[in-house]
Amino acid sequence: MSQGPRSGLAAVSSALLAMSRHLEVRDVLKTIVASARELLDAQYAALGVPDDHGGFAQFVVDGVSDEQWKQIGPLPRQHGVLAAMLRDAKPQRLADVRTDPRFGGWPSAHPDLADFLGLPIRDGDEVIGALFLANKNCPKAEGTCGFTADDEELLAILAQHAAIALTNARLYERSRELTIAEERSRLAHELHDAVSQKLFSLRLTAQAASALVDRDPARAKGELQQVAALAAEAADELRAAVVELRPAALDEDGLVATLRTQVQVLDRAHTARVTFTAHGVRALPAAQEEALLRVAQEALHNALRHSGAERVGVTLARCDGGAVLRVTDDGGGFDPRAIRRAGRHLGLVSMRDRAGGVGGRLTVESAPGKGTTIEMEVPGG
C-alpha cells in the first residue's frame, strides 16, 4: 500500500484495481480488508462471507499475524455482533464491543477489541457478507467510539467494492464448475452486466464521498475524480478478462468435441434444429481454437435469438493445414450494409477482430429473406 497523505484515497484505488486483476475471491478480499484498515487507520479489520450452515465460508483478516491466526482456531460462527450485521443489515458503530450484550464467544487468542465499526455487504437486497474494523488509532475519551459517521460512510464505499468482488467471484467460480458451454457463455454475460452496473454506482459514490474528506478538500476531490477514472478502467479490464476466459472444456476436450457438445445443448434448448459436422480437423494452436469457438458462439447466438431460423448448421473442416468454420442458418437474413449504416453490428466487429487477431479472415453472406452464412478461416499453426 502507498504511504503518506495519499494513502487513504490510494487504498480505495488499490482495491478497485485489484478487482480487475484478480478472479480469485480470496486475493480480492485480502486487498479490500487491508485497504479498509489503512483507510480508516484501525488496528484490526475482517471480512466474512457466510455459508449456509451457520458459519463463514471465508473469513479474511488484516492486523493479525499468521501465528495469532493459527492460535485463534476455526472460522467464527454467525453469532453476536456478526450475526446482527448479517440479520439486521444495519451498520454497527460501538464505543466498546465488549460491553455489548451480543458480544461473546471470542477465542482467548483473539486480539482485544474495543471500539468497533461494522457494515453488512449487500448485493441488492441480499446480505452476502460482513466487513468490520476495530480499535481506531486515535485519541478518544473513555466510553466513546473513535470511528465517526464519516468513517462509516467511507467504509460503505469499501463495502461496495466487496460486493463487486463477491459477485464477480461467485459467477466466476460457478462458471468454472460448469461444463456446458451455453451456461458458461450466459454466466460471462451476467458477470459483465452485474459488475459494470456496480462499478457505475461506485463511481457515483466515490464522487459523492469528496464531501467526507476535509483534510485537503481540493486535493481530495481531485483524487476522487481519479478513483472514478480508475473505476471506468477497471470495468474495461474486467470486460476484457471475461471475453478472453478460455473455457475449461476447450482445454480438456479440444475444439471439435467442445463445439459438438455446445451444439447438442443448443439443439435441445431451442426449437430450431442445430447440427454440427467436422471433417479432418487437426489440433490447432490454442489462440486459434479459442477464436474459432468464440466466433461460433456469437454466430449461433445471432442465428438462434435474432434470425427466426428453423435450421442452423455448424461445420468445421480442414483447409490448407488450417481450418474453416461455417455457421449457416435459414432465417430472415439481413443487409450487412444497412446494419453498418444503422450503427448496429450483431457482433460482427468482434468476430472480425477475433479472426484478424489469429491471422484469419471472416466473411459474411446474407440478404433479407435469404438466411446468413458466417465463415471464418484460420491458417495452420
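Visitor: How many helices and strands does the protein have?
Guide: The protein has 11 helices and 10 strands. Keep in mind that this is a predicted model.

Visitor: And what is the strand order in the open sheet of five strands?
Guide: The order is E6-E7-E8-E10-E9. Pairing in this open sheet is mixed.

Visitor: Which are the edge strands?
Guide: Strand E6 (273–279) and strand E9 (361–366). Each of them pairs on one side only.

Visitor: How are neighbouring strands turned against each other?
Guide: By 10° on average, ignoring direction.

Visitor: What about E8 and E10, parallel or antiparallel?
Guide: Antiparallel, over seven bridges. Strand E8 covers residues 322–329, and strand E10 covers residues 372–378.

Visitor: Which residue in E10 stands opposite Val324?
Guide: That is Glu377.

Visitor: Now helices. What does H9 touch in the sheet?
Guide: Helix H9 (residues 286–306) packs on the sheet and touches E6, strand E7 (311–319), E8, E9 and E10. The direction of H9 makes about 5° with that of E8.

Visitor: And where does H11 lie?
Guide: Helix H11 (residues 348–357) lies across E9 and E10. H11 runs at about 145° to E9.

Visitor: Switching to the whole protein. What percentage of residues count as buried?
Guide: Of the 381 residues, 45% count as buried.

Visitor: What is the accessible surface?
Guide: About 18,400 Å². Carbon and sulfur atoms account for 48% of that surface.

Visitor: Last one. What share of contacts between residues at least 6 apart in sequence join residues at least 24 apart?
Guide: For the protein, 63% of those contacts do.

Technical notes: Residues numbered from 1 in each chain as written. Predicted model: local features only at pLDDT ≥ 70, side-chain atom pairs only at ≥ 80, totals over all residues. Heavy atoms only, no water. Pairing = 2+ DSSP bridges. Helix = DSSP H or I, 4+ residues; strand = E, 2+ residues; numbered from the N terminus. Axes fitted to C-alpha atoms, helices over the stretch in contact; angles between N-to-C directions. Contact = heavy atoms within 4.5 Å. Buried < 20%, exposed > 50% of the residue type's maximum accessible area, 1.4 Å probe, protein only. Areas by Shrake-Rupley, 256 points an atom, 1.4 Å probe, with all protein chains shown as cover.
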